[in-house]
Structures are given as C-alpha cells and as structure tokens.
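User: I'm new to this one and would like a quick tour. Can we go through it with a few questions?

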Amino acid sequence: MCKRDSRGCGASPHPADSTPPAGTPASRQAKVDRIVDEFMDNDGDGDITQEECVRFHQFLSGDSNAKVGDLPGDTKELIGMKSADAKKKIASMCDDDDKLDFIIKKYEKAAK
C-alpha cells in the first residue's frame, strides 16, 4: 500500500513527487521565472537594473545600439524592481505563452 495515500499505488518514488519527463511543457510561471532569473538578472542579485533592462531589450529587438530612452514603457517600469516584482509584471505583460516561448527560444538559439 502507498504510504502517501490510500490509493495503494506502491510506486517509489511516488508519482506525485517525480519531476515531469523531458519534453513536458514548462508551466507559465516556470517560463517567467526562467526569463527573469536567467536572461534579465544577469548578476543574480535579485534587482533588475537599468543596464540589465537595456541589454534585455537590445537582445530581443536586435538593436545593439539601443539606449534606455529606446526602451518601451513596460520595460522601463522593470528598472529598479526586485526580481519577484519583475516576474509579476512580466507575467501580466506577456498574457499568453507564445510571448514567453518566443523570448526563451531566442535566448536558447543564441546560446547554441
């Protein structure tokens, strides 16, 4: 009998504790977390700086000469935010997974 519940599955490890198999789509929050933690907060200090926002915009727009004045308003709003607040803002800005997937795929492609 399963020790975790009365289903009697006998699985070890318990299926509820296992990580999803490779190729399983990431949750929306996992995508947002990855964008902020890996692609925006370059120094990992938990604060989103002006420089980090400019670099992020430069990469996504393809305009390596972009300056802070070129940032879209919603990206400017991220400057000075804690990572947790930036994640909430990005989740509200990117209202569908296609936008999040686009950002992640662009970074993954550049890393190859």
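User: Is Phe56 buried or exposed?
Analyst: Keep in mind that this is a predicted model. Phe56 has a relative accessibility of 8%. The cut-off for buried is under 20%, so Phe56 counts as buried.

User: How many aromatic pairs are there, and which residues do the ring pairs link into a cluster?
Analyst: The count comes to three aromatic pairs. Ring pairs join up into a cluster, and its members are Phe39, Phe56, Phe59 and Tyr107.

User: What kind of aromatic pair do Phe56 and Tyr107 form?
Analyst: A pair of rings is described by the distance of the centres and the angle of the planes. For Phe56 and Tyr107 the centres are 6.2 Å apart, with 15° between the planes. Planes under 30 degrees apart count as stacked, so the Phe56 and Tyr107 pair is stacked.

User: Where in the chain do those two residues sit, and how many residues apart are they?
Analyst: Phe56 belongs to helix α2 (residues 50-61), while Tyr107 belongs to helix α5 (residues 97-111). The pair therefore links distant parts of the chain.

User: Is Tyr107 buried or exposed?
Analyst: Tyr107 has a relative accessible area of 15%. With the limit at under 20%, Tyr107 is buried.

User: Which residue has its charged end over the ring of Phe59?
Analyst: Phe59 is a member of the ring cluster. A charged end sits over the Phe59 ring, 5.8 Å from its centre. That charged end comes from Lys106.

User: What is the volume of the largest pocket, and which residues are closest to its centre?
Analyst: The largest pocket has a volume of about 280 Å³. It is lined by 13 residues, which divide into nine nonpolar, two polar and two charged. At least two lining residues come from each of α2, α3 (73-76), α4 (83-93) and α5. Closest to the centre are Phe56, Leu60, Met93, Cys94 and Ile103.

User: How many Å apart in space are Thr49 and Met81, C-alpha to C-alpha?
Analyst: Thr49 lies in the loop between α1 (28-40) and α2, and at 29% relative accessibility Thr49 counts as partly exposed. In sequence, Thr49 and Met81 are 32 residues apart. In space, the C-alpha to C-alpha distance is 7.7 Å.

Terms used: Residues numbered from 1 in each chain as written. Predicted model: local features only at pLDDT ≥ 70, side-chain atom pairs only at ≥ 80, totals over all residues. Heavy atoms only, no water. Phe/Tyr/Trp six-rings, centres within 6.5 Å; stacked < 30°, edge-to-face > 60°. Helix = DSSP H or I, 4+ residues; strand = E, 2+ residues; numbered from the N terminus. Buried < 20%, exposed > 50% of the residue type's maximum accessible area, 1.4 Å probe, protein only. Lys NZ or Arg CZ within 6 Å of the ring centre and 35° of its normal. 1 Å grid on protein atoms, 1.4 Å probe; cavity = no way out; pocket = protein on both sides within 12 Å on 5 of 7 lines; lining within 4 Å. Points joined across faces, edges and corners; volume = space filled by probe spheres on them. Nonpolar A, V, L, I, M, F, W, Y, C, P; charged D, E, K, R; others polar.
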